[in-house]
Amino acid sequence: MDTVYFHFVSGRPVLAGAAETPYTRGPQGESTPSLLAHAARGALADAGLTPADVDGLGVASFSLAPDHAIDLAWRLGLRLSWLMEDPHGGASALNMLHHAWRAIEAGDAEAILLLAGDALSPVDFRRLADEYNSATRDHLAPIPAGGPNALFALLTSRHMREHGLSRETYGRVVLAQRSWAALNPAAVYREPLTMADYLAAPIVADPLTLLDCVPIVAGADAVVVTAAERAARRRAVEIVAFAAAHNHDQQEGDGLRTGLAETASRLWEAAGHGPEEVDVAGIYDDYPVMVLVQLSDLGFASDGELERFAHEQLEGRRLAVNTSGGQLSAGQAGAAGGMHGLVEAVRQLRGEAGERQVKGARRAVVTGYGMIAYRYGACSNAVVLRTAG
Amino acid sequence: MSGGLPISVCLACGHAVFPHRLLCPRCGGAESRNEEVDSGVVEEATVLERVPGGPLSPPVPLGSVRLEGGVVVVARLEAGMEPGHPVRLEYRDGVPVAHQAPR
């Protein structure tokens with residue numbers, strides 16, 4: 001008699017559940033594992049599953065050490081046939097989603113829990129910033145470059161010069177997201193901002209101010225990926241297309257294009273539609289300049305008209321971008337920053353985004369970006385989602 | 001210890017990079033030699049004034065410098081330098097430092 005080790009039914013993968021812990025300005029007694037557990041319980045409850053149903057786990061965190069994914073699995077009581085850990089910061093969530101998508105399709109797992117989160121203090125953050133990778137430790141920290149802010153100040157200066165922009169254009173990105181945040185009770189920074197406030201904010205590294213640099217918060221996000229057959233139909237969000245381009249220019253360019261520029265046409269072709277049919281966009285927003293760069297790379301904006309685009313499309317809400325307030329207003333909870341936009345997209349596509357709900361939202365795109373190899377982010381990815389059925 | 005900035009030049013194809021790579025990004029070659037480069041032009045400049053937790057004292061001027069030959073590096077700058085300024089680059093205790101080049 002043959003022994004059957006695995007007899008899973010493969011199927012069309014969907015996002016069956018999503019959750020985010022409340023983001024807070026400091027750890028407030030929570031640890032990274034406790035935040036990840038909190039998000040895990042939320043996403044499983046949302047999917048109508050229990051820990052016993054889970055057979056796949058992926059985790060992204062800058063502060064899980066000395067534990068790894070398996071230790072977290074043990075501490076959560078999970079028995080698994082699929083396990084991964086992804087250290088790639090702002091690109092980690094979508095990278096894990098890509099692998100999970102294929103694993104569900106292949107039948108390697110039936111219910112995959114993806115977690116991302118961190119409880120970082122400013123001291124943790126500085127240590128992380130100085131030892132991000134060997135190039136940072138050896139060539140940037142000794143300057144001292146002080147982490148990513150100064151590098152993105154230089155990148156923003158290049159972008160301003162290249163496109164003839166002033167600080168106001170980046171301010172429009174920040175103000176647009178802050179006005180979305182006012183509609184999101186979970187956003188950490190919700191106070192209304194004016195352009196005068198933006199221009200008068202304390203300088204971090206010219207031209208960037210405190211309002212251009214993601215505020216560090218503590219928190220975690222989670223999603224559950226299953227085959228469509230396992231998910232409650234009404235709540236499932238279908239994963240339609242995925243694209244990634246990592247180290248696309250070997251850090252020998254200017255950082256004003258991400259890898260998305262070369263993969264966007266394949267992404268839209270696989271999705272069966274273009275950017276004009278997208279209802280909600282979650283664009284990785286470590287700095288406002290990167291929102292504009294990625295929106296150009298994806299074909300939402302053209303380089304020659306970024307000021308008008310920021311004013312009419314973003315401030316005018318003709319295009320719904322980062323409707324939670326994004327990381328710039330909701331906060332960046334370390335590696336959770338890469339999953340924040342995904343969780344918001346799921347909420348929007350289910351019609352569960354409260355006061356900030358985009359009416360009739362059926363299609364979304366979410367991007368990931370990050371991992372400064374030397375001068376700018378080396379990782380880029382994007383996923384297109386739609387309401388199931 | 002100081003001198004020009006040691007960039008890596010591929011022995012097979014001559015492509016120059018900084019920092020050093022394990023394999024040449026252009027041809028895949030594994031062997032390279034160091035070449036000290038000491039002149040370039042400031043492309044962008046900033047002054048880091050705040051770090052997470054508060055103001056940075058003293059502030060640190062830094063920028064992107066395009067070296068002769070085209071490689072762009074991040075360097076500490078002498079105060080007051082602006083884009084377009086030609087610089088003399090010194091590699092001091094592991095830090096690239098850009099000084100105003102004599103005109």
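G17(A) counts as buried, at 0% relative accessibility. The model in which this residue sits is a predicted one. G17(A) belongs to strand β1 of chain A. Leaving aside residues up to four places away in sequence, G17(A) touches A43(A), D46(A), A47(A), A222(A), V223(A), V224(A) and R350(A). S31(A) is 14 residues from G17(A) in sequence, yet the C-alpha atoms of the two are 23 Å apart in space.

Within chain A, G282(A) stands opposite V366(A) of β11(A).

Phi of M371(A) is near 60°, which is a positive value in a residue other than glycine. Most residues other than glycine have a negative phi, and most peptide bonds are trans. M371(A) has a relative accessible area of 18% and is therefore buried, the limit being under 20%.

D93(B) lies in the loop between β7 (86–92) and β8 (95–100) of chain B. With a relative accessible area of 64%, D93(B) is exposed, because exposed means over 50%.

Chain A also has cis peptide bonds. One joins I143(A) and P144(A), with omega about -5°. P144(A) is in the loop between α5 (134–140) and α6 (148–163) of chain A. Another cis bond runs from D206(A) to P207(A), and here omega is near 5°. The loop that holds P207(A) is between β5 (203–205) and β6 (208–209) of chain A.

Next come the helices. Two packed helices are described by the angle between their axes and the distance between the axes. For helix α7 (residues 167–181) of chain A and α10(A), the angle is about 95° and the axes are 8 Å apart. Because angles of 65 to 115 degrees count as roughly perpendicular, α7(A) is roughly perpendicular to α10(A). On the side of α7(A), the contact is made by T169(A), Y170(A), V173(A), V174(A) and Q177(A), and on the side of α10(A) by P288(A), V289(A), V291(A) and L292(A). By class, this contact has seven nonpolar residues, two polar residues and no charged ones.

Chain B has an open sheet of three strands, in the order β2-β1-β3, with antiparallel pairing. Its edge strands are β2 (16–17) and β3 (32–37) of chain B, each of which pairs on one side only. Strand β1 (residues 5–10) of chain B runs antiparallel to β3(B), and six bridges join the two. One residue pair to look at is I7(B) with its bridge partner in β3(B), E35(B).

Which residues of chain A make side-chain polar contacts with E44(B)? The side chain of R158(A) is joined to that of E44(B) by a polar contact of 2.8 Å, and the side chain of R161(A) makes one of 3.1 Å with the side chain of E44(B). E44(B) is in strand β4 (residues 39–51) of chain B. At 1% relative accessibility, E44(B) counts as buried. Not counting residues up to four places away in sequence, E44(B) touches L154(A), S157(A), R158(A) and R161(A) of chain A, as well as L62(B), G63(B), S64(B) and P83(B) of chain B.

Technical notes:
Residues numbered from 1 in each chain as written. Chains lettered and ligands numbered in written order. Predicted model: local features only at pLDDT ≥ 70, side-chain atom pairs only at ≥ 80, totals over all residues. Heavy atoms only, no water. Helix = DSSP H or I, 4+ residues; strand = E, 2+ residues; numbered from the N terminus. Buried < 20%, exposed > 50% of the residue type's maximum accessible area, 1.4 Å probe, protein only. Polar contact = N/O pair within 3.5 Å; in protein donor to acceptor, adjacent residues only side chain to side chain. Contact = heavy atoms within 4.5 Å. Pairing = 2+ DSSP bridges. Axes fitted to C-alpha atoms, helices over the stretch in contact; angles between N-to-C directions. Parallel < 35°, antiparallel > 145°, perpendicular 65-115°, else oblique. Nonpolar A, V, L, I, M, F, W, Y, C, P; charged D, E, K, R; others polar.
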